[in-house]
Amino acid sequence: MTKNEIADALGEIAILLELKGENPFKIRAYQTGARALEAIEESELSRLVEAGELRSVKGIGEALAAKITDLRITGRLGFLENLRATVPAGLVEMLQIPGLGPKKILALHGKLGITDIAALAAACTDGRVAGLAGFGEKTQEKILAGIRNREAYAKRHLWWEAAEVAAQIVTGLRALPQVRRCEAAGSLRRGLETVGDLDFIVAAEDSAPVVAWFIAQPSVQEVTAQGGTKASVRFTSGLQADLRIVPEQQFAFALHHFTGSKQHNVEMRQRALARGLSLSEWGFSPAGPDAPASMPAVSGEGELFAALGLAFIPPELREGLGEIEAAERGPLPRLIEAGDIRGAFHNHTNASDGGNTLAEMTAAAEALGWEYLGIADHSKASFQANGLDEARLRRQIAEIRTLNASGRFRTKVFAGVECDILSDGRLDLDDDMLGELDYVVASVHNAFAQEEPVMTARIIRAIEHPRVTMLGHATGRLLLRREGYHVDLGRVIDAAIAHGVVIELNASPWRLDLDWRHWRKAAARGLLCAINPDAHETAGLGHVGAGVNAARKGWLEPRHVITTWPLSKVERWLSDLKRR
DNA sequence: GCCGTTTTCGGCCCGACTGTTTTCAGTCG
């Protein structure tokens with residue numbers, strides 16, 4: 001079993017134990033073990049299992065080490081199979097219903113014999129649930145509504161779409177006279193590719209008008225909670241949002257707390273405790289006999305980190321993936337910022353499946369202040385996207401050369417192509433044709449279902465082609481819609497580094513592919529990144545912002561990203577590549 | 001189930017809100 005599969009199995013054990021009413025600390029131990037596993041490398045796990053040293057990992061003790069070893073070697077675990085047999089699968093599904101936790105589900109199961117959501121809906125409809133001790137009319141209605149809207153509620157939302165909604169709310173909140181400070185927190189602020197719900201943190205002395213404004217927004221469909229200092233709403237889009245209002249002196253603590261991630265917060269609290277401080281969303285308080293005489297003064301997140309001996313950690317890095325250790329050693333790297341971007345290489349025009357002409361795209365790039373714009377329309381094998389054959393591509397190259405020579409735009413246009421990687425790894429265009437271009441993006445657009453070894457060999461063959469400059473959307477995933485194709489990314493990254501091929505960070509908000517989780521390690525090993533919007537119309541160029549987010553989550557600095565390079569450096573680099 | 005300059009037992013982060021209660025349990029983050 002792979003590391004992630006084992007981590008999932010441990011997580012499943014935790015859920016099943018919850019539904020059996022087990023000791024909460026035992027449950028947490030399984031969750032901690034799953035997280036600990038996720039944090040180590042696949043090869044390291046193999047070594048630890050073989051050497052019998054799993055227990056050296058913090059959070060893994062005797063029992064978990066034995067279970068992990070079983071799962072790793074045999075792929076099976078009797079303990080988990082027995083658990084599954086005793087807990088109806090429908091109960092696990094019921095956890096998705098807002099307001100229902102393990103205790104209530106246990107009661108529904110034990111007293112009404114309910115084993116799935118359909119039976120639960122029936123019991124709500126005929127009023128049996130309201131009759132249970134600890135339940136009532138409102139709970140019954142809430143459960144029923146939760147079941148009805150389960151699909152919409154459970155849905156996550158693209159960061160890009162959530163960010164648009166959040167920006168309007170933040171602007172509105174900041175304009176209120178009572179509001180001193182306001183930020184969106186949560187996974188949105190961390191720049192995660194999908195967002196479950198929105199969190200708004202507000203510093204205000206008089207909170208009632210702020211709550212009133214928030215719940216009165218026209219896009220609010222339902223107010224799910226409302227109190228003196230917080231409120232929860234659901235927008236018509238299905239997106240849920242929480243508002244929390246705190247006194248100004250608590251703002252930094254609340255903002256940090258609700259930005260998370262959970263794992264980051266756990267580590268921060270542990271670190272605080274080691275210094276005699278208890279850290280919560282409200283502030284520092286003394287903890288234990290070694291507590292300092294006075295609490296550190298904190299008015300911003302920077303001071304909060306400083307109080308714990310840490311450099312400032314940008315929200316995007318707060319995933320509990322080593323950022324605290326790094327911040328302990330000194331300032332973190334200066335991550336790439338939107339203002340560093342000077343161009344992009346993977347963009348379409350109406351010559352293939354884009355919506356705008358070459359000149360319109362160039363004008364839009366110039367308006368963004370870009371020094372260069374790469375045009376990479378589809379190649380002929382992508383006939384569904386009106387891909388270009390050799391004759392049409394040669395005409396486009398000529399058109400681009402003419403446009404550059406005309407001096408009409410300050411932005412230099414590079415002539416490229418998004419060349420299909422055929423199912424056997426050959427390229428869709430011949431070498432002479434590719435040699436006439438400034439660069440080549442190679443991408444997979446068909447035969448997504450190939451087995452992993454076949455797909456991996458196919459992509460690596462393309463990477464080894466001397467005319468290939470960069471690999472487009474490495475997995476082909478579409479967020480919330482389609483999984484990526486099966487490919488051994490470790491080997492693809494190795495091949496790209498070995499052949500000096502760039503891997504794209506496709507900045508389309510639906511793709512963000514190659515995933516940020518791979519970049520830190522890959523870049524440290526020498527992989528170069530191109531943040532490409534894959535724009536199909538002028539507005540799409542703005543998607544580089546989503547790519548910059550993802551790149552920041554991947555710890556990328558400007559030097560790792562070729563689209564931050566100035567034009568002269570890019571020209572030199574491209575001409576060097578052509579001579580290889 | 002894990003962990004240990006409180007070290008092999010006794011803790012493990014904790015507060016707001018809701019709906020149910022009549023002083024609080026469950027859920028959520």
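Tutor: The following account describes the surface around DNA strand B and then the chain that provides it. This is a predicted model, in which local features need pLDDT of at least 70, side-chain atom pairs count only at pLDDT 80 or more, and totals for chains, interfaces and linings use all residues. Residues are numbered from 1 along each chain as its sequence is written, while chains are lettered from A and ligands numbered from 1 in the order in which they are written.

DNA strand B is surrounded by 37 residues, and the closest are Gly61, Gly101, Lys104, Gly136 and Gly227; a residue is near a strand if its C-beta atom, placed from the backbone, lies within 6 Å of it. The elements giving two or more residues to this surface are helices H2 (24–38), H4 (62–74), H7 (102–112) and H9 (137–148), together with strands E5 (220–226) and E8 (277–280). Helices (H or I, at least four residues) and strands (E, at least two) are DSSP runs, numbered from the N terminus. H9 supplies the largest share, four residues. By class, the surface has twelve nonpolar, 15 polar and ten charged residues; Ala, Val, Leu, Ile, Met, Phe, Trp, Tyr, Cys and Pro count as nonpolar, Asp, Glu, Lys and Arg as charged, and the others, Gly among them, as polar.

As for the whole, chain A has 25 helices and 16 strands. Its C-alpha atoms fill a box of roughly 75 × 60 × 55 Å along the principal axes. Of its 580 residues, 41% count as buried, that is, with 20 or more other C-beta atoms, placed from the backbone, within 10 Å of their own.

Methods
Buried ≥ 20, exposed ≤ 12 C-beta atoms within 10 Å, placed from the backbone.
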